[in-house]
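Student: Could you take a close look at one part of this model with me? I would like to begin with how the chains touch, and then see what lies around that.

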Amino acid sequence: MDCTGTSERLPWLVGGGLPAAEADEVRAHLATCPRCREELAETRRAAAVFGAHVPVAVLMDLAWDRTPSAPDAALAASHLASCPECREELELARESRRLEADAQERPRAVRWNPSWLAVPASLAAGLVLGFGLWGRGPAPVTPPDPRVALLEQETSRLRGMVQALERAASTARPRINLPLFELVPPLVRRGGASQATEIAVPAGAAEIALLASSDAPAGTPASLAILGADGREVWRTDELVSGPPGGYLVTVPAEMLPAGTYSIRLQPRSGARVDYRVRVRR
Amino acid sequence: MAPSTREDAETAAGFLRGDAEAVSTVDGWIAGAASSFRARLGDDWHDLLQEARIEILRLLRKSAWRGEARLKTYVWQVVGHTCLDAMRRQKRRPMMEAVDADAPLPADDPSPLDLLIHEDSRRRLLAALEAVPADCRDLWRLILSGLSYQQIGARMGVAEGALRVRAYRCRKRAIEALSGNVTAATTAEG
């Protein structure tokens, strides 16, 4: 393999996605080529850039309503808008925090304490003697069964799950008056392709539903990306599936879409991509 | 945040001594705090509980908890931090080549200077990432997730050769951004 072929494959070597045979070829070339080894070092630096995420400490600050330092806060806000992984992590941290708030103080369990065995010898002897006088043996002292600790750990885990379920149950309510907006493709939109679909978010709405009509049969998978006016990805899913009547339905938190102009790209697995332009008003 | 109480101090001291009651209490908090991460961590969850317990023990031994918050809240935050760290380690597993076997192991207790340098370094990485085009970030996210260029090419509808060239250009953009030579993100083609 020559330098060009090696250089082009380095990202996949670093990412672990290069087939074994090609990886062997690349490594063989690297062993003899100092220039490509420098390229490998550069690729690793690039991988460090592309693998960067909001630090865990900053996510924890956000989850616990502490204000991170100014540069961290700005970088985190920008990164979170385009990184689904960090958003998921932040949501899990917030969920954990909610569990802490919900957790009730419980009376502490009385557990086996080995120090209880430290009964004065004289008392033990006296008991043995006493029981002996009554013609009985001493009561056996049962050592703690190690399975008890495992069971208690499992009990703690189940308690946590119950808390999560109770919380979910307490918030699960029928939702009414959900604002639904139908996305209109540019070609059929009144006013021409440059006209955006207006989305007037009602005051107090927590969520809005976006419906993209489609001829795709029910169950057709698709990707959908919401892009800000600057082209930056606000949110994306590759797991969208068309519903029984046809069309794709997405419910998004209203706060995810501040006032402004957005592009929504719908790419059905089979079929042409459809670009929608929307203008969100408050 | 509510300040700690005398009971908290007793629980912390008891946990350090290995008192069964205190250990049980803290274990319950650990399991509760980690429960929201259980589905995400899968088989690693039980190891995580142990890791969190050791971390709390380490922090309490070095008096890192100073009583600004309730002990339960503190434990909850340590566990959340530990869980997020574990999730990130899981995601990094495909990046076998990125591991430098000769690199020194990080210290358990880095010095304040080490922490400062680390903070600055990761801030620079994140700032550089935010300066590269979104399509570059998307492409490299797939690369670092361990997908082959054949898989990525099929997913994006791009010829394999063109994809490798695009990844190369994005790599250059990232290095430029890291050097502070990029002012605005455009696209990988730009």
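Tutor: Let's start on the chain B side, where 54 residues are in contact with 60 residues of chain A; two residues are in contact if their C-beta atoms, placed from the backbone, lie within 7 Å. Several helices each supply at least two residues to the side of chain B that touches chain A: α2 (20–34), α5 (71–92), α6 (112–131), α7 (134–144) and α9. Helices here are DSSP runs of H or I with at least four residues, strands are runs of E with at least two, and both are numbered from the N terminus. By class, that side of chain B has 29 nonpolar, twelve polar and 13 charged residues. Ala, Val, Leu, Ile, Met, Phe, Trp, Tyr, Cys and Pro count as nonpolar, Asp, Glu, Lys and Arg as charged, and the others, Gly among them, as polar.

Please keep in mind that this is a predicted model: local features need pLDDT of at least 70, and side-chain atom pairs count only at pLDDT 80 or more, while totals for chains, interfaces and linings use all residues. Residues are numbered from 1 along each chain as its sequence is written, and chains are lettered from A and ligands numbered from 1 in the order in which they are written.

Staying in chain B, find the loop between α8 (149–156) and α9 (160–179), where Val158(B) sits. Val158(B) counts as partly exposed because it has 16 C-beta neighbours inside 10 Å; buried takes 20 or more other C-beta atoms within 10 Å, exposed 12 or fewer, and partly exposed lies in between, with C-beta atoms placed from the backbone. Apart from its neighbours within four places in sequence, Val158(B) is in contact with Gly153(B) and Leu163(B).

Now for the partner. Chain A has eight helices and eight strands, and buried residues make up 24% of its 282 residues.

Two of its helices, α1 (residues 3–15) and α2 (residues 20–32), pack at an angle of about 120 degrees with their axes 10 Å apart. The axes are lines fitted to C-alpha atoms, for helices over the stretch in contact, and angles run from 0 to 180 degrees between N-to-C directions. α1(A) and α2(A) are therefore oblique to each other: under 35 degrees counts as roughly parallel, over 145 as roughly antiparallel, 65 to 115 as roughly perpendicular, and the rest as oblique. On the α1(A) side the contact uses Thr6(A), Arg9(A) and Leu13(A), and on the α2(A) side Glu22(A), Ala23(A), Val26(A), His29(A) and Leu30(A). These comprise four nonpolar, two polar and two charged residues.

Chain A also has an open sheet of five strands in the order β2-β8-β7-β4-β5, with mixed pairing. Its edges are β2 (197–200) and β5 (233–241), each pairing on one side only; strands pair if DSSP finds at least two bridges between them. Within the sheet, β4 (residues 221–227) and β7 (residues 260–268) of chain A run antiparallel and are joined by six bridges. Ser223(A) stands opposite Gln267(A) in β7(A).

Finally, look at two loop residues of chain A. Most residues other than glycine have a negative phi. Asp65(A), however, has a positive phi of about 60 degrees; Asp65(A) lies in the loop between α4 (56–63) and α5 (70–82) of chain A, and is exposed because it has 9 C-beta neighbours inside 10 Å. Asn177(A) has a positive phi too, near 55 degrees, and belongs to the loop between α8 (146–171) and β1 (180–183) of chain A. Asn177(A) is exposed, with 8 other C-beta atoms within 10 Å.
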